[in-house]
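Subject: Structure handover

Hi,

My notes on it follow below.

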Amino acid sequence: MEANPHVAFDLLKKAHPPETASAIFTEKVLHKPLHLRPTSPDPNRQDARAHRRLQRLRKKEKAKRRQKPKPLSAKEKRITGIYEISKESQKYDIYVPLYRMWLDYIWEILGMVKGKQAWVTAQAAGAKLASADFHGAKLMVVRSKCVSTVGLRGIVVRDTKFTFQIINAKNELKTIPKTHTIFRFQIPQPDGVDKILDSEKISDISEDEMGPNTLIFELHGSSFEHRAIDRATKKFKQRNMTEL
């Protein structure tokens, strides 16, 4: 050891006796195995790393697809005008087929079948009509605190929580508040409606021309201030109409 001095041995001699320092130096320094890393990377290890990275990317992409899209805020809806009806779409004839579809829909709800007399009472049909969707219905304002809206009639193109938007025969879009307003709508019998629906002037049909046994209902807007999607699952209770 003296012929080949080593800095590690000199440090060990300062901390341990000569015999202990020599044993530690021989075991820990001279005979310590030296692991050399190959100059070229292991191909198997590289493939495994790429495979793990690919798995992570696929898992991340799959989780991203499962995420629900973030709903638009009220400000974004106003900016995009997603619920606005363009001038080109404000034409009465465009929504006449929607009215025909609504009649089929309301007949099915009330159990009215063509060729069969159906007995519909206000008490039995009230709950069904209260939860029905009125997009496509023909409404007329019969009473309102806003006098200028009385007499307006048309097809409902939008049913919001507090308003009805209707398109009339003059291709005018009118927004009518539900509060303190009473609407009237008619449901003709399926047997006598073919002639009415085939008429080119469906907007000019009066109440007398709707046919016999036509059902006439009045809708109190103040008690109807719910969105169509909310009414479908809401249970309505009978209560006194204080504003009458």
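First, a term: rings of Phe, Tyr and Trp (its six-membered ring) pair if their centres lie within 6.5 Å; planes under 30 degrees apart count as stacked, over 60 as edge-to-face and the rest as tilted. Two notes on the source. This is a predicted model, so local features need pLDDT of at least 70 and side-chain atom pairs count only at pLDDT 80 or more, while totals for chains, interfaces and linings use all residues. Residues are numbered from 1 along each chain as its sequence is written, and side-chain values use heavy atoms, with hydrogens and water left out.

Aromatic cluster

Trp102, Phe134, Phe164, Phe183, Phe185, Phe217 and Phe224 form one aromatic cluster. The ring rule gives 8 aromatic pairs. Take Trp102 and Phe134: their ring centres are 6.0 Å apart and their planes are at 40°, so this pair is tilted. Trp102 lies in helix α5 (residues 92-110), and Phe134 lies in the loop between α6 (122-130) and β1 (138-144), so the pair ties together parts that are 32 residues apart in sequence. Helices (H or I, at least four residues) and strands (E, at least two) are DSSP runs, numbered from the N terminus.

Are these two residues buried or exposed? Buried means under 20% relative accessible area, exposed over 50%, partly exposed in between (1.4 Å probe, protein chains only). Trp102 has 3% relative accessibility and counts as buried. Phe134 has 0% and counts as buried.

Phe134 also pairs with Phe185. Here the ring centres are 5.2 Å apart and the planes are at 80°, so the pair is edge-to-face.

A charge sits over a ring if NZ of Lys or CZ of Arg is within 6 Å of the ring centre and within 35 degrees of the ring normal. The charged end of Lys138 meets this for Tyr99, at 5.4 Å from the ring centre. Lys178 lies over the face of Phe164, 4.7 Å from the ring centre.

The sheet

Two strands pair if DSSP finds at least two bridges between them. The open sheet has 6 strands in the order β4-β3-β2-β1-β5-β6, with antiparallel pairing. Its edge strands, β4 (173-177) and β6 (215-220), each pair on one side only. Neighbouring strands are turned by 45° against each other on average, direction ignored. Axes are lines fitted to C-alpha atoms, for helices over the stretch in contact, and angles run from 0 to 180 degrees between N-to-C directions.

Some pairings in detail:

- β2 (residues 153-159) and β3 (residues 163-167) are antiparallel over 4 bridges. Asp159 has Phe164 of β3 as its bridge partner.
- β1 and β5 are antiparallel over 4 bridges. Ser144 has Thr181 of β5 as its bridge partner.
- β5 and β6 are antiparallel over 6 bridges. Arg184 stands opposite Glu218 in β6.

β5 is mostly covered, with 6 of its 7 residues buried. Helix α5 packs on the sheet and touches β1, β2, β3 and β5. The direction of α5 makes about 80° with that of β2. Contact means heavy atoms within 4.5 Å.

Tyr92 is in helix α5. Tyr92 is buried, at 5% relative accessibility. Tyr92 and Ile155 are 63 residues apart in sequence and 7.8 Å apart in space, C-alpha to C-alpha.

Positive phi

Most residues other than glycine have a negative phi. Which values turn up at Asn171 and His180? Phi of Asn171 is near 60°, and phi of His180 is about 55°. Asn171 is in the loop between β3 and β4 and is partly exposed at 37% relative accessibility. His180 is in the loop between β4 and β5 and is partly exposed at 35%.

Totals

The protein has 8 helices and 6 strands. Buried residues make up 28% of its 244 residues. Of the contacts with a separation of 6 or more, 60% are between residues 24 or more positions apart.

Best wishes
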